[in-house]
Amino acid sequence: MKFKWDKKYLFWGVTAFLVIVCSILFFALVNRFSDFAKIFKTIVRVLSPFIYGLLIAYLLNGPMVFFEKHVFAAPAKRIARGDARREFKFRRKMSIVVTHLLAMSVVVGLLILVLPQLYFSIEGLVAALPGYAEAAIKWVNELPAGNREIEAMITDTIGSISQLLTDWINKSVLPQLDSILATVTGGIISAVKAVANVVIGVVASFYIMYHKELFRAQAKRCLYSLFKPLTANRIMEEAGFVKKAFGDFLVGNSLDALIIGIVNYIFMLVAGMPYSALISVIVGVTNMVPMFGPIIGGVPSVLLVLLVDPMQGLIFGIFTLVLQGIDGQVIKPKILGGVSGLSGFWVMFAILVFGGLFGILGMLLGVPILSVLYNAVGRFHRRRLLQRGLPAETENYEDVDIINPATNTPIYRPGCEPVRQEEESGEEYEDGAEEEEPEPEPAVYTENPGDGKSRDSEPEHND
């Protein structure tokens, strides 16, 4: 007798098996989280050259496409003489080489301009620190007799700080000198490895940019082989949104930080303020962190100027407030255009959560990551609501108490019912009688009150 599978029981059996496997994996992940974190870090470290290559290829893809279409298109046609494959190879290779050379020139030029100024600023600050300490001590000693309590408090504070530094050097630094040297050596080795990974990443970016159409086709082939066409299309749609969200945020934020750093440098240079290069780099880099970046970079920068000249420090603090106000209200909205789609609360949530989990990198990338998740969940909810014949916009639920399951129509809170447009009343007729009111038609709920679209009309998709 031939055994016959029952598809119903087979489906539930496989489902139960997968649920058990997922439960075991989740328990193992929670119970051995540190081990999984080490494995994940190892995988990331091994794949870091290719990650750098993908990042470089992603950032340079736009300039490469520009050179390919507008610079090397005509020369490629003349050289290829009708050979389409030869034309493509010449156009693509020349575009990739020129794009990489241009990017390297920009990076090297910025380093040549910034690093010497940064070095001299740090050197001047270190050399001036003893003078600042002497000035503080002199100021304490010159306090009038009526301020003896303040003098005693400051003297005790300075003595406590000196004692803490002495104890820290004697008890922590000197006994652990070997481990500190080992840490420094490990840091140098890590830096060399990072440079090597970046070099390998640059080489990998050549291949990724040259064969990008092939990689895209392979990804689509894999998607359509694993999923139904509708599901695969949605995955590609979400991937396109991820690309746009990260690209717009990173490029726009970098451009905004560059503008703020240059403006800050020009102002400090014209005003003759100290440490202009160092402070401008700090202000520009920290400005990439949304919301908290200006505070993180502005406060220590103002303090540095205050140490040299209190009046200039006050002027620089006022300038920083004005510059950040203009940046927040004019420059950043023009460049980014609200690309994240998040409110201030969710921006703060992303910075605190991802910054606490992943440090500086989490603070930089937390907003676009949460933006992608937020929009993906929102689109999923929108599709489900439209499939059930319910309004998809959030504002339509502000005054709704519940949805009637029998009629699929909203039941509003008392006093919050939408106002219907009624015919104008109070008109007097010649015979003095009022026109007989027509029998009211049953109310039909609309997705957006006043826009004339009924619930049964075709929904407009903005996905």
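Among contacts in the protein chain between residues at least 6 apart in sequence, what percentage join residues at least 24 apart? Please then turn to the packing of α8 and α9.

A: This is a predicted model, in which local features need pLDDT of at least 70 and side-chain atom pairs count only at pLDDT 80 or more, while totals for chains, interfaces and linings use all residues. Residues are numbered from 1 along each chain as its sequence is written, and side-chain values use heavy atoms, leaving out hydrogens and water.

Of the contacts (heavy atoms within 4.5 Å) between residues at least 6 apart in sequence, 61% join residues at least 24 apart. The protein chain holds twelve helices and two strands, which are DSSP runs (H or I, at least four residues, for helices; E, at least two, for strands) numbered from the N terminus.

The axes of α8 and α9 lie 8 Å apart, at an angle of about 155°. Angles over 145 degrees count as roughly antiparallel, so α8 is roughly antiparallel to α9. In this pairing, residues of α8 including Ile260 and Met268 meet residues of α9, among them Ile279 and Val283.

Ile260, Met268 and Ile279 are also among the members that touch the most others in the largest nonpolar core, which has 14 residues. Such a core is a set of buried (under 20% relative accessible area, 1.4 Å probe, protein chains only) Ala, Val, Leu, Ile, Met, Phe, Trp, Tyr and Cys residues joined through side-chain atoms within 4.5 Å. The helices α8, α9, α10 and α11 each give two or more residues to this core, and the largest share, four residues, comes from α11. A second, separate core of ten residues includes Phe249 and Val289.

Terms used
Buried means under 20% relative accessible area, exposed over 50%, partly exposed in between (1.4 Å probe, protein chains only). Axes are lines fitted to C-alpha atoms, for helices over the stretch in contact, and angles run from 0 to 180 degrees between N-to-C directions. Angles under 35 degrees count as roughly parallel, over 145 as roughly antiparallel, 65 to 115 as roughly perpendicular and the rest as oblique.
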